[in-house]
Amino acid sequence: MDRILAETYPDAHCELDFQDPLELLVATILSAQCTDKRVNTVTPTLFAKYPTAEDYAGADRAEMEEIIRPTGFFRAKTTSIVGMAQALCERHGGEVPKRLKDLVALPGVGRKTANVVLGNAFGVPGITVDTHFQRLTHRFRWTSETDPVKIEQVVAGLIPKRDWTMMSHRLIWHGRRVCHARKPACGVCPLAALCPSYGLGPLDPVLAAKLVRPGPFS
């Protein structure tokens, strides 16, 4: 199934815009309960105003909240970003660490965020268990676990480590484009012959094709 998705989505990648590890870390924190597309409309202003961890650490809360307001939960996200940046300055000389245990120790940074940064900023294989990833691994019967950490552990045993980051992108892209939560486009799904959940959505190719979304997405 992963090989078919690789053929289907050869250009799969992180849909958050960033230029360095710090930008990706901040953007990923902002992406909680928000679409990547909306985050990408906010980050150019944010990144220009706060180019370093020191800038975020000493930021005026009201100014930052106003910039990131469109992403939702802006007060909590401001707290996370400022706290994360202060920890970077105190513990890592203002640089984003390259180890999972160091990343998850930062305020506002969980395993999902850490794996996004490791896989896409540092080239360290990581599995990103977001809502799309959880839904598809259940539909594919790869696992019945509901805890994200356990899902990550199970899938890690199914897919070669070198492919973890790209496999995560492929599942997320497929979940955003074809295998939707409410009505998957089963009739045009490239995994139709292998998927144990085939038939949850319309099987008619014409009807199914209307459900496919081209992106960018949440």
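Biologist: What is the relative accessible area of Arg 111, and does that make the residue buried, partly exposed or exposed?

Modeller: The structure is a predicted model, in which local features need pLDDT of at least 70 and side-chain atom pairs count only at pLDDT 80 or more, while totals for chains, interfaces and linings use all residues. Residues are numbered from 1 along each chain as its sequence is written, and side-chain values use heavy atoms, with hydrogens and water left out.

Arg 111 has a relative accessible area of 33% and is therefore partly exposed; with a 1.4 Å probe and protein chains only, buried means under 20%, exposed over 50%, and partly exposed in between. The residue belongs to helix α8, where helices are DSSP runs of H or I of at least four residues, strands are runs of E of at least two, and both are numbered from the N terminus. Setting aside neighbours within four places in sequence, Arg 111 is in contact with Leu 100, Val 104, Val 149 and Glu 152, contact meaning heavy atoms within 4.5 Å. Between Arg 111 and Gly 157 there are 46 residues of sequence separation and 17 Å in space, from C-alpha to C-alpha.

The loop between α8 and α9 (131-139) holds Thr 128. With a relative accessible area of 9%, Thr 128 is buried. Neighbours up to four places away aside, Thr 128 is in contact with Lys 112, Asn 115, Val 116, Phe 133, Ser 168 and Ile 172.

Helix α8 also takes part in the largest nonpolar core. A nonpolar core is a set of buried Ala, Val, Leu, Ile, Met, Phe, Trp, Tyr and Cys residues joined through side-chain atoms within 4.5 Å. This core has 37 residues, of which Val 26, Leu 46, Tyr 56, Met 64 and Met 84 touch the most other members. Two or more residues come from each of α2 (21-30), α3 (36-49), α4 (53-57), α5 (61-68), α6 (74-92) and α8 (111-121). Leu 46, for example, contacts Val 26, Leu 30, Tyr 56, Met 64, Ile 67 and Ile 68, beyond its neighbours within four places in sequence. Apart from this core lies another, of 23 residues, among them Leu 5, Trp 164, Ala 185 and Leu 191. In soluble globular proteins, nonpolar side chains tend to be buried together.

Not counting residues up to four places away in sequence, Val 39 touches Leu 16, Ala 27, Leu 30, Ser 31, Cys 34 and Thr 71. Beyond four places in sequence, His 174 is in contact with Leu 5, Tyr 9, Leu 136, Phe 140, Cys 179, Cys 189, Pro 190 and Leu 191.

Gln 33, in the loop between α2 and α3, has a phi near 55°, a positive value in a residue other than glycine; Gln 33 counts as exposed, at 70% relative accessibility. Phe 73, in the loop between α5 and α6, has a phi near 50°, again positive in a residue other than glycine, and counts as exposed at 57% relative accessibility.

As to the setting, the chain has 12 helices and 0 strands. Its radius of gyration is 18 Å, close to the 17 Å that the globule rule gives for 218 residues, so the chain is as compact as a globular protein of that length; the radius is taken over C-alpha atoms, and the rule is 2.2 Å times the number of residues to the power 0.38. Along the principal axes, the C-alpha atoms fill a box of roughly 55 × 35 × 30 Å. Buried residues make up 48% of the 218 residues. Of the contacts between residues at least 6 apart in sequence, 58% join residues at least 24 apart.
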